[in-house]
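Have the picture open while you read.

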Amino acid sequence: MADHKESKMEELAHKIHSKISSPSSSSDSDEDKRSHARAVALKAKVYRLFGREKPLHQVLGAGKPADILLWRNKKLSGGVLGGVTSLWFLFEMLDYHLITLICHLMILALSVLFLWSNASNFINNSPPTIPEVVIPEKCLLKAASCFTFEINRTLDIVRTIATGKDLKTFLGAIAGLWFLSILGSCFHFLTMVYIVFILLYTVPVFYEKYEDKVDAFSEKMIIELKKQFAVLEKKVLSSINKEKKKD
């Protein structure tokens, strides 16, 4: 009988303890949910360059090209960099020509395959297996469609600039073309292509490493540029209006 009373008392004490502790646990879970929601909202408010919302790896396609540009596979990225650098050195430093290089590589490859195929009959060895390469028609049509879309978009931008409807795009195009003309007078075309390749190979990986610092700095810089552009736009429009009034 005494044991039965003790078990009843223990059960009652357990129920009282659970009722007391349950509000605190639920309040803790509510507090965790609120803190998580605040963290998500704060993360959403963080400025990202070019207004992106996805990680840089996904923006670059999340495939092998993204892995190469972000040096996920260091051996493959280093091999691509070494190959492109070798080609640039051949063409730019040694004054080798592209058509000459392609012809020499084709001569070497065809000669090796031809001699190997004929020599295999004399040495009782299997001839080289040369795969049949066929480019699917869908790939060519897709590439042509993407190329046509980009050309049409470029022509549309040129038309918008030429009609004088967008001052911002006009000033950006003039500044970009002026910058390219300066680079063209300083470097050869192949060297410019190689510089662009090096930038694509280094800027994304450094940006991913120092993403928060770069985004904070770029936000301040863009705000300042917008202020300066607004002042410049007012001056240009006021001068245009004065010229119209004179006429």
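How many helices and strands are there in the chain? There are nine helices and zero strands, with helices (H or I, at least four residues) and strands (E, at least two) taken as DSSP runs numbered from the N terminus. Written from the N terminus on, the elements go α-α-α-α-α-α-α-α-α.

A quick word on where this comes from. This is a predicted model, in which local features need pLDDT of at least 70, side-chain atom pairs count only at pLDDT 80 or more, and totals for chains, interfaces and linings use all residues. Residues are numbered from 1 along each chain as its sequence is written, and side-chain values use heavy atoms, with hydrogens and water left out.

**The chain as a whole**

Of the 247 residues in the chain, 10% are buried; buried means under 20% relative accessible area, exposed means over 50%, and partly exposed is in between (1.4 Å probe, protein chains only). The chain exposes about 20900 Å², and carbon and sulfur atoms supply 68% of that; the areas come from the Shrake-Rupley method with a 1.4 Å probe. Now for contacts, meaning heavy atoms within 4.5 Å. Among contacts with a separation of 6 or more, 53% are between residues 24 or more positions apart.

**Rings that meet**

The structure holds three aromatic pairs. Rings of Phe, Tyr and Trp (its six-membered ring) pair if their centres lie within 6.5 Å; planes under 30 degrees apart count as stacked, over 60 as edge-to-face and the rest as tilted.

Why is the pair of Trp-88 and Tyr-194 stacked? Their ring centres are 4.7 Å apart and their planes sit at 10°, so the pair counts as stacked. Trp-88 lies in helix H4 (residues 74–93) and Tyr-194 in helix H8 (residues 189–209), so this pair ties together parts that are 106 residues apart in sequence. Ring pairs also link Trp-71, Phe-197 and Tyr-201 into a cluster.

Most residues other than glycine have a negative phi. Trp-71 has a positive phi of about 60° although it is not a glycine, and Asp-95 also has a positive phi of about 60° without being a glycine. Where are they? Trp-71 is in the loop between helix H3 (64–69) and H4, while Asp-95 is in the loop between H4 and helix H5 (98–122).

| Residue | Relative accessible area | Class |
|---|---|---|
| Tyr-194 | 15% | buried |
| Trp-71 | 26% | partly exposed |
| Asp-95 | 55% | exposed |
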